[in-house]
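Open the structure in your viewer and keep the selection panel at hand. The stops below say what to select and what is there.

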There are 2 protein chains.
Amino acid sequence: MIDIDQANETAVGRMMAARPILRTVAPAREVIPGMRDNLLLHAGPPITWERASGPMRGAIVGALIYEGLAADWESAARMVLAGDVTLEPCHEHSAVGPMAGVTSASMQVYVVENVTHGNHAFSNLNEGYGKVLRYGAYSPEVLEKLRWMNEVMGPALASALDAAGGLDVRALLAEALHMGDEGHNRNKAGSFIYTARLAPHLAAVVDDRQELSRILAFLGENALSVLNPVMAACKAMGDAGHGVEGSTIMTTMARNGTDLGIRVSGLGDRWFMGPVGQPDGLYFSGFSAEDASGDIGDSTITETAGIGAFAMAAAPAIVTFISGTPQDALNATLEMYEITTAEHSHFTIPALDFRGTPTGVDIRKVVELGITPRINTGIAHKEAGVGQVGAGLVRPPMSVFEEALVAFAEQYGF
Amino acid sequence: MIDIDQANETAVGRMMAARPILRTVAPAREVIPGMRDNLLLHAGPPITWERASGPMRGAIVGALIYEGLAADWESAARMVLAGDVTLEPCHEHSAVGPMAGVTSASMQVYVVENVTHGNHAFSNLNEGYGKVLRYGAYSPEVLEKLRWMNEVMGPALASALDAAGGLDVRALLAEALHMGDEGHNRNKAGSFIYTARLAPHLAAVVDDRQELSRILAFLGENALSVLNPVMAACKAMGDAGHGVEGSTIMTTMARNGTDLGIRVSGLGDRWFMGPVGQPDGLYFSGFSAEDASGDIGDSTITETAGIGAFAMAAAPAIVTFISGTPQDALNATLEMYEITTAEHSHFTIPALDFRGTPTGVDIRKVVELGITPRINTGIAHKEAGVGQVGAGLVRPPMSVFEEALVAFAEQYGF
């Protein structure tokens with residue numbers, strides 16, 4: 001007879017013991033397992049072109065043009081439909097990407113090493129604001145910026161990280177949670193820390209002062225600079241807790257704009273999928289809920305690892321961006337203690353007397369209590385390339401947890 | 001008949017309307033009104049060598065050696081006692097300095113301009129941790145670091161600030177208060193913001209990449225980097241509220257290690273002084289209350305301007321440094337609403353539903369309610385040069401408010 005509680009303690013214990021160090025930046029094809037030239041990684045569970053959302057399609061097209069594999073939307077779509085290009089989830093390659101999360105072979109990715117358990121995780125570089133590939137934009141200026149990021153900034157970051165001897169992302173996150181971040185939708189403090197920590201090393205390794213100045217401005221003016229390393233760190237933590245026999249802990253939660261999928265520690269690599277929700281939040285001027293794409297992105301790896309919406313009590317100022325009151329933010333965290341297994345041993349919330357963040361969603365509790373995980377998220381426009389139209393809150397469909405629990409009962413004979 | 005409430009509204013309104021822009025860095029002798037070669041500015045109200053505390057004496061000696069005016073403790077003391085060197089409060093020269101606050105003619109100082117009312121304020125550069133002049137250390141390595149700061153970093157900051165077109169310190173503070181700072185004892189977020197904002201400009205103006213790297217590391221690794229510009233900004237705000245006929249608002253509060261002094265908007269430049277308290281807080285390993293100097297420094301200009309201990313509710317993580325619980329931090333702010341006149345229009349506290357910080361201490365309320373202002377502070381060792389031994393909380397003596405109120409009644413004939 002499996003002791004589920006014991007298995008869950010092991011899984012969550014491993015997630016919290018994981019110590020993700022940001023090691024370097026390198027082209028995806030050189031470091032991501034199974035990466036190849038005709039493969040595109042994307043956010044969320046598996047998806048086909050036919051069922052893909054607007055921003056996801058735009059990002060696929062953009063990546064194929066960026067790689068020189070397609071000339072335009074039509075030829076890109078044809079390639080994907082013909083199977084000349086394969087689409088696979090980032091999550092199936094130890095990787096994660098925000099929003100569409102589309103990552104191609106030549107793109108630079110962050111390389112995070114969990115030095116406790118030895119596993120690695122990866123994430124692409126953050127593009128900042130405005131028209132960006134992750135929201136499905138692929139105009140020439142989007143691709144030009146991507147090229148600069150991959151050809152200039154990426155190698156500079158690699159040298160700087162090397163000079164710095166790596167960067168402890170868990171320690172950075174712990175500090176940022178004491179500075180009003182929740183690590184998903186608010187990464188302001190973390191991005192400033194990241195910029196300040198790398199700046200002296202960048203200064204030492206980048207020869208061209210104009211490029212150095214541009215890199216420092218690009219990192220320092222983007223409050224999401226550190227989101228991608230943070231996501232890779234959370235992925236390394238989630239993967240460390242995956243594969244524990246008999247555990248009902250959720251180790252993956254991700255959305256592709258059409259479906260949300262979860263994976264469970266004791267249930268192998270099987271996805272449990274259901275339709276994504278529509279985020280509820282604040283829209284930028286000129287946009288409304290009618291413009292919103294379905295929920296999209298791998299950034300829910302933060303909630304999976306015990307931060308993001310789960311750590312909202314640490315980030316009361318976030319409500320100016322996602323709606324609600326500071327009390328709502330506090331309540332979000334308090335609610336998540338109901339469906340989690342542990343209080344994080346490294347991530348603490350000053351306003352709750354330094355209580356650890358709620359960590360390790362137990363799918364049994366989700367189903368039993370009828371409480372699904374909370375998610376903080378950016379909101380994408382439903383059409384490719386328009387970009388972010390707001391930010392808010394959303395939850396996964398209960399059905400995915402019910403299905404996973406049924407599968408668990410079948411597999412373990414309850 | 002003077003309308004005190006109206007006068008106070010004017011004074012506090014001016015403090016809050018002040019918009020301090022960090023303009024440049026320049027040698028004290030070139031920018032501080034009345035600065036001259038045989039003058040040393042110091043923290044707090046006026047003090048003589050005979051009555052000066054250990055750290056204050058050490059800093060005076062260090063500054064005279066730094067300037068080449070004295071060779072050692074004995075010759076420095078002789079000069080001061082003979083009147084060959086004059087000691088005057090920073091505050092009487094539109095300036096402020098943390099801890100001993102000793103500023104000599106050749107030292108570089110931050111220049112802040114209040115663009116709303118046109119007044120300027122000044123503060124020296126922050127030296128970081130360890131053995132530093134502001135705690136009364138004056139060994140060769142202390143003076144060597146000072147020389148590097150004044151000869152290399154200062155001019156670099158001046159060029160970078162020029163390239164940046166100045167830096168809005170009020171906006172920076174408003175942002176930092178949403179990131180867990182209170183602006184006095186916790187300036188972690190503000191210092192990261194400051195470093196990240198200046199980094200691209202420093203990269204563009206500093207030719208020597210090794211020096212650039214050193215400057216970026218010096219700023220980024222010092223969680224007090226921004227304290228001195230913040231203090232100068234608060235001084236500019238406090239001075240903007242000074243000199244309003246009939247106002248009982250406190251516009252200066254400062255300590256020299258022996259005496260604490262306040263000044264009041266409607267009472268001109270007269271100091272009301274009393275003995276400093278002994279801070280109550282957490283001591284670094286190996287030190288205890290017996291090692292502590294009396295309360296010292298001009299950094300209480302932050303509380304005077306409505307931040308610091310008054311904004312503790314914004315900075316729950318600070319209790320790990322100064323003692324107490326997050327609830328104590330919340331209560332500190334709530335108590336300060338009792339003795340202040342306004343809620344700050346620019347500095348808000350997310351955890352209190354974005355309520356403005358308590359701003360503008362009314363000495364009438366202090367005396368009437370028996371509640372003195374709260375102060376967050378670093379604790380200096382009582383002997384020159386040992387350095388910081390802890391951090392904690394302290395209050396000014398009630399007598400200074402009583403004396404000021406008596407003087408107010410005499411002057412205005414109540």
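Start by selecting domain 1 and domain 2 of chain A: 44 residues of domain 1 of chain A are in contact with 47 residues of domain 2 of chain A (contact means that the C-beta atoms of two residues, placed from the backbone, lie within 7 Å). This is a predicted model, in which local features need pLDDT of at least 70 and side-chain atom pairs count only at pLDDT 80 or more, while totals for chains, interfaces and linings use all residues. Residues are numbered from 1 along each chain as its sequence is written, and chains are lettered from A and ligands numbered from 1 in the order in which they are written.

To make the selection, take 18-230 for domain 1 and 242-412 for domain 2 of chain A; these bounds come from an automatic or database domain assignment. Next, colour helix 3 (54-66) of chain A, which gives five residues, the largest share, to the side of domain 1 of chain A that touches domain 2 of chain A. Helices are DSSP runs of H or I with at least four residues, strands are runs of E with at least two, and both are numbered from the N terminus.
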